[in-house]
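Reader: I am new to this structure. Please show me how to read its features, one at a time.

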Amino acid sequence: SPVKYLNDYRMSAASEYLLQTEKSINDIAEAVGISDRFYFSKMFKAKYMVSPMQYRKENEVFSKASEKR
């Protein structure tokens with residue numbers, strides 16, 4: 001459905017923001033068109049199985065480990 005597509009697109013964009021910027025979760029939520037950061041976090045966790053902060057933290061550790069190789 002169009003709504004599912006839009007939400008998938010928003011979460012994909014949010015994941016990029018989380019990994020490539022230092023923006024706050026609230027700023028990222030607003031950047032992808034969701035004004036309620038709690039709703040944003042719920043949507044993000046439904047797609048990626050982790051909270052936005054955990055996603056950033058886990059992938060930050062992974063990217064730092066791969067940079068050292």
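Author: Start with burial. A residue is buried under 20% relative accessible area, exposed over 50%, and partly exposed in between (1.4 Å probe, protein chains only). Helices (H or I, at least four residues) and strands (E, at least two) are DSSP runs, numbered from the N terminus. This is a predicted model: local features need pLDDT of at least 70, side-chain atom pairs count only at pLDDT 80 or more, and totals for chains, interfaces and linings use all residues. Residues are numbered from 1 along each chain as its sequence is written, and side-chain values use heavy atoms, with hydrogens and water left out.

Reader: How many helices and strands are there in the chain?

Author: Four helices and zero strands. From the N terminus on, the order is α-α-α-α. Of the 69 residues, 25% count as buried.

Reader: Which residues are buried in H1?

Author: Asn7, Met11, Ala14, Ser15 and Leu18.

Reader: What should H1 span?

Author: The expected span of a helix is 1.5 Å times one less than its number of residues. The 19 residues of H1 should span 27 Å, and the end C-alpha atoms are 27 Å apart, which agrees.

Reader: Which residues is Met11 in contact with?

Author: Contact means heavy atoms within 4.5 Å. Leave aside neighbours within four places in sequence: Met11 then touches Ile34, Phe40, Met43, Phe44, Lys47 and Tyr48. Chain distance is another thing to read. Met11 and Val32 are 21 residues apart along the chain, yet 7.8 Å separates their C-alpha atoms.

Reader: And Ser15: buried or exposed?

Author: Ser15 is also placed in H1. At 7% relative accessibility, Ser15 counts as buried. Beyond neighbours within four places in sequence, Ser15 is in contact with Phe44, Tyr48 and Tyr55.

Reader: Now H3. Which of its residues are buried?

Author: Phe40, Met43 and Phe44 are buried in H3. Seen down the axis, the buried residues of H3 fall within an arc of 100°, so they line one face of the helix. On the other side of H3, Phe38, Lys42 and Ala46 are exposed. The span check works here too: the 12 residues of H3 (37–48) should span 16 Å, and the end C-alpha atoms are 16 Å apart.

Reader: What caps the N-terminal end of H3?

Author: Asp36 does, with a side-chain oxygen 2.8 Å from the backbone nitrogen of Phe38.

Reader: What follows H3?

Author: Met49. First the general idea. Most residues other than glycine have a negative phi. Met49 has a positive phi, near 65°. Met49 sits in the loop between H3 and H4. With a relative accessible area of 64%, Met49 is exposed.

Reader: How many residues has the largest nonpolar core?

Author: A nonpolar core is a set of buried Ala, Val, Leu, Ile, Met, Phe, Trp, Tyr and Cys residues joined through side-chain atoms within 4.5 Å. The largest one has 13 residues, and those with the most contacts inside it are Met11, Ala14, Leu18, Ile34, Phe40 and Phe44. H1, H2 (25–31) and H3 are the elements that give two or more residues to this core. Apart from neighbours within four places in sequence, Ile34 is in contact with Arg10, Met11, Ala29, Tyr39, Phe40 and Met43.

Reader: Where is Glu60, and where is Glu22?

Author: Glu60 lies in H4, residues 52–67. At 36% relative accessibility, Glu60 counts as partly exposed. Glu22 is in the loop between H1 and H2. At 72% relative accessibility, Glu22 counts as exposed.

Terms used
The arc is that of the directions from the helix axis to the C-beta atoms. A polar contact is a pair of N or O atoms within 3.5 Å; within protein, one must be able to donate a hydrogen and the other to accept it, and residues adjacent in sequence count only if both atoms are side-chain atoms.
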